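The sequence and the structure are shown first.

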Amino acid sequence: MAKDKGFISEFKKFILRGNVMDMAVGVIVGGAFTSIVTSLNQDILTPVLGIFGGIDFSSLKVALGSGENAPVLCYGNFITAVINFLITAFVIFCLVRGINALNDRFSHKPAPAAPTTKKCPFCKSEIAIDATRCPHCTSELDGQ
C-alpha cells in the first residue's frame with residue numbers, strides 16, 4: 001500500500017505540472033477548433049464549391065465489387081478531411097506567424113555594446129581601447 005501512495009502522489013505531481021495542464025487546455029481547444037473547421041468545410045465551403053462545380057465531396061464513392069454488400073470506397077470523405085486539414089494548417093500557420101511577429105516587435109534586443117578593450121599587439125594583454133601605451137609591457141601603441 002505504501003508503494004501505491006508514492007505512485008499516486010507522483011502521478012498527482014505529474015498531472016499538476018504546468019506543461020501537462022497547458023497541453024490539456026490545448027487538446028480541448030484543438031478539439032473545439034476542429035469542429036469549427038469541419039463545420040466551415042461541410043456547411044459553407046462544400047456547398048459553395050458545389051454551386052460552381054456541381055460536386056458534393058461527401059457523396060463521392062466507388063463500389064469495389066457488385067451486389068448490395070460490396071465494399072465502398074468513400075474517397076469524397078477523404079477529400080473533405082484533406083480540405084479540413086489544409087484549412088486547419090493554414091489557420092494555425094497564420095496564428096503562429098502573427099504571434100512570432102508580435103514577439104519580434106515587443107522583444108527588443110539591445111544592440112551589442114561597443115568594445116571597451118583591445119589586445120596589445122606586443123604582449124597580447126587586454127588594455128583600454130583608448131590606451132596609447134600598454135600598462136603591462138609599456139610598449140607604445142602608435143594609433144593602433
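How many salt bridges does the count come to, if a salt bridge is a side-chain nitrogen of Lys or Arg within 4 Å of a carboxyl oxygen of Asp or Glu? By this rule the count comes to one salt bridge.

## Basis of the model

This is a predicted model, in which local features need pLDDT of at least 70, side-chain atom pairs count only at pLDDT 80 or more, and totals for chains, interfaces and linings use all residues. Residues are numbered from 1 along each chain as its sequence is written, and side-chain values use heavy atoms, with hydrogens and water left out.

The pLDDT, the predictor's confidence in each residue on a scale from 0 to 100, averages 82 over the protein chain. A score of at least 70 is reached by 91% of the residues. Helices (H or I, at least four residues) and strands (E, at least two) are DSSP runs numbered from the N terminus.

## The salt bridge

The salt bridge joins the side chains of E140 and R133, with an N to O distance of 3.2 Å. Side chains of opposite charge can pair when their charged atoms come close. R133 counts as partly exposed because its relative accessibility is 43%; buried means under 20% relative accessible area, exposed over 50%, and partly exposed in between (1.4 Å probe, protein chains only).

The largest nonpolar core has five residues, namely C120, I127, A131, C134 and L141. Such a core is a set of buried Ala, Val, Leu, Ile, Met, Phe, Trp, Tyr and Cys residues joined through side-chain atoms within 4.5 Å.

Contact means heavy atoms within 4.5 Å. Leaving aside neighbours within four places in sequence, L141 is in contact with K118, C120, P121, F122, I127, A131, T132, R133 and C134.

## Loop between β3 and β4

K124 lies in the loop between β3 (117–119) and β4 (126–128). Although K124 is not a glycine, its phi is positive, at about 65 degrees. Most residues other than glycine have a negative phi, and most peptide bonds are trans. K124 is exposed because its relative accessible area is 54%.

S125 is found in the loop between β3 and β4, but S125 is buried, since its relative accessible area is 19%. Not counting residues up to four places away in sequence, S125 touches K118, K119, C120 and H136. In the segment after β4 lies T138, a residue other than glycine with a positive phi near 60 degrees.

F7, I8, F11 and F14 form a nonpolar patch on the surface, with about 460 Å² of accessible area together. Accessible areas come from the Shrake-Rupley method with a 1.4 Å probe, and for residues only the protein chains shown count as cover. Patches are made of residues with over 30% relative accessible area and no salt bridge, like charges being joined within 9 Å and nonpolar side chains (Val, Leu, Ile, Met, Phe, Trp, Tyr) within 5 Å.

F14 lies in helix α1, which covers residues 2–15. F14 counts as partly exposed because its relative accessibility is 39%.

## Helix α3 and separations along the chain

F85 is found in helix α3, residues 75–106, and is exposed because its relative accessible area is 56%. F85 and K5 are 80 residues apart in sequence and 43 Å apart in space, C-alpha to C-alpha. V91 also lies in helix α3 and counts as partly exposed, with 28% relative accessibility. The C-alpha atoms of V91 and V37, 54 residues apart along the chain, are separated by 9.6 Å.

S107 is placed in the loop between α3 and β3 and, at 33% relative accessibility, counts as partly exposed. S107 and D22 are 85 residues apart in sequence and 23 Å apart in space, C-alpha to C-alpha.
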